[in-house]
Amino acid sequence: MIVVLKENPNPAQLDSLVSWLEEKQIAVNKSVGTSHTILGLVGDTAAIDGDLIASLEIVESVKRVQEPYKHSNKKFHPEPTVITVRGCQIGGDALTLIAGPCSVESEDQIVSIAKQVKAAGATMLLGGAFQPRTSPYAFQGLGADGIAYLKTAREETGLPIVSEITDADQLSALQDIDIIQVGSRNMQNFSLLKELGRQEKPILLKRGASATYEEWLMSAEYIMNGGNPNVILCESGIRTFEPYTRQMLDIGAVNILRHLTHLPILVDPSRACSKAWMVPKIAPAAVAAGADGLMIEVHNDPKNAICDGKQSITPEIFHSLAHSLHDLHAFLQKGETL
C-alpha cells in the first residue's frame, strides 16, 4: 500500500499515523520527493482500511500495490536511488565504470591493472577473490590473499573495489570490500541474500541466467527487506537457445527496470557476450539505453589469463572504450538525440 501525503504535512499528525501503522505490525518506508512525501507500507496491509487513511487531513491519496516486490518498487520510491561509495556515485547523473580482471591472480597483476583502468577513466576496480566455477577442478580464486591484493590496489589508486561473494562464510573476509557482488548463480541463494540484508555496504546483484524481471526484483527484495537499501542491479545476460555467446544480453532490461524500480542499473557486456571483440561494440548500447554504468572485464594479458581471458579486453582497448562511453554519456545528458 502507498500513502501519498499532501505538501508540508503536519508533523504531529504524520507521527501519529506512522505510530498507528507500526502498532499494526506494518513497516513504514518514508520517501521524500520534490513535491510529495510517500509512505510505503510493507506487511499484511489487507486488514488496513485504506478509506480511513485517505480521510486524514494530511493524506492526498491511498493506492494498493499489486506487485509482490515493495522496497524495490518505483511506486514506493519515485526518486531514483543514488548510492555513493568512497566519493563515487552510482546512479543519478553519473556514469559508473567498474573495470578489472575476473580473477585476481597476483598483487603485481591487480595493482598494474588498477592503475591502467583508473588512468583510462574507470571509477571502480573489479577483482574476484572467491570464484564460483562450473567445474570443481577450475581455479576458485586466491581467497583472502586476493582480498589483500585488492586492498593494496585500492591504496595505490584510490579506486573502490568490487568483489564477488559465493558463501556467507566469506563475509568476514570481505568486510573491507566496498561493494559485494552476488553473481548470477547466487541470485536466488536466499539464505545468502538474507545475510547480505543485515550488512550496510552496497550489494551488486546480477541477474540469474534464467530469471524473470520479477524474480530478479524479488531477490533484491530479500536484501532490502533485511534492512539494507543499498542494492545495485546488474544485467549480465540470459540463457537462450543460441550457443554462440555464453548468454544473450538483454539491453531492453535497462528500460523495463527503469519503469519498475528506483534502484541503479548496470550492464555487464563481458560476461554476456563472452567474446572480447564484442564488448566495445555492445557497451555503448548500454549507455544509450540509459544504464547507470557498466562492469567490464579487463586483463593485461588475456591470452594467458587463468580464467575468462576470452571475454577480457586489454587496458589499451579499455582506454579507448572508456573515453567513448564517457563522451556518449555526456552527449546524452545534454538531451541530444542520436
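Residues are numbered from 1 along each chain as its sequence is written, and side-chain values use heavy atoms, with hydrogens and water left out. Because the model is predicted, local features need pLDDT of at least 70 and side-chain atom pairs count only at pLDDT 80 or more, while totals for chains, interfaces and linings use all residues.

Helices (H or I, at least four residues) and strands (E, at least two) are DSSP runs, numbered from the N terminus. Two strands pair if DSSP finds at least two bridges between them. On these terms, four strands form an open sheet in the order S2-S3-S1-S4, and their pairing is antiparallel. The edges are taken by strand S2 (27-32) and strand S4 (59-63); each has a single partner strand, so one side of each is left without a neighbour in the sheet. On average, neighbouring strands of this sheet are turned by 20° against each other, direction ignored. S2 and strand S3 (residues 37-42) run antiparallel and are joined by six bridges. Within this pair, Val 32 is opposite Thr 37 in S3. Helix H1 (residues 11-23) packs on the sheet and touches strand S1 (2-5), S2, S3 and S4, where contact means heavy atoms within 4.5 Å. The direction of H1 makes about 145° with that of S2. Axes are lines fitted to C-alpha atoms, for helices over the stretch in contact, and angles run from 0 to 180 degrees between N-to-C directions.

Two packed helices are described by the angle between their axes and the distance between the axes. For helix H5 (residues 190-197) and helix H6 (residues 213-225), the angle is about 40° and the axes are 6 Å apart. H5 and H6 are therefore oblique to each other; angles under 35 degrees count as roughly parallel, over 145 as roughly antiparallel, 65 to 115 as roughly perpendicular and the rest as oblique. From H5, Phe 190, Leu 193, Lys 194, Leu 196 and Gly 197 meet Ser 219, Tyr 222 and Ile 223 of H6. By class, this contact has five nonpolar, two polar and one charged residues. Ala, Val, Leu, Ile, Met, Phe, Trp, Tyr, Cys and Pro count as nonpolar, Asp, Glu, Lys and Arg as charged, and the others, Gly among them, as polar.

Strand S11 (residues 203-206) contains Lys 206. How buried is Lys 206? Its relative accessibility is 4%, so Lys 206 counts as buried (under 20% relative accessible area; exposed is over 50%, partly exposed in between, with a 1.4 Å probe and protein chains only). The side chains of Lys 206 and Asp 268 are joined by a polar contact of 2.5 Å. A polar contact is a pair of N or O atoms within 3.5 Å; within protein, one must be able to donate a hydrogen and the other to accept it, and residues adjacent in sequence count only if both atoms are side-chain atoms. Leaving aside residues up to four places away in sequence, Lys 206 touches residues including Trp 216, Cys 234, Arg 271 and Met 295.

S11 pairs with S12 in the parallel sense over four bridges, and Leu 204 has Ile 232 in S12 as its bridge partner. In strand S12 (residues 231-235), five of five residues are buried. Val 231, Leu 233 and Glu 235 point one way, and Ile 232 and Cys 234 the other way.

Most residues other than glycine have a negative phi. Asn 8, in the loop between S1 and H1, has a positive phi near 55°. Arg 86, in the loop between strand S5 (83-85) and strand S6 (88-90), has a positive phi near 50°. Asn 8 is exposed at a relative accessible area of 70%, and Arg 86 is exposed at 54%.
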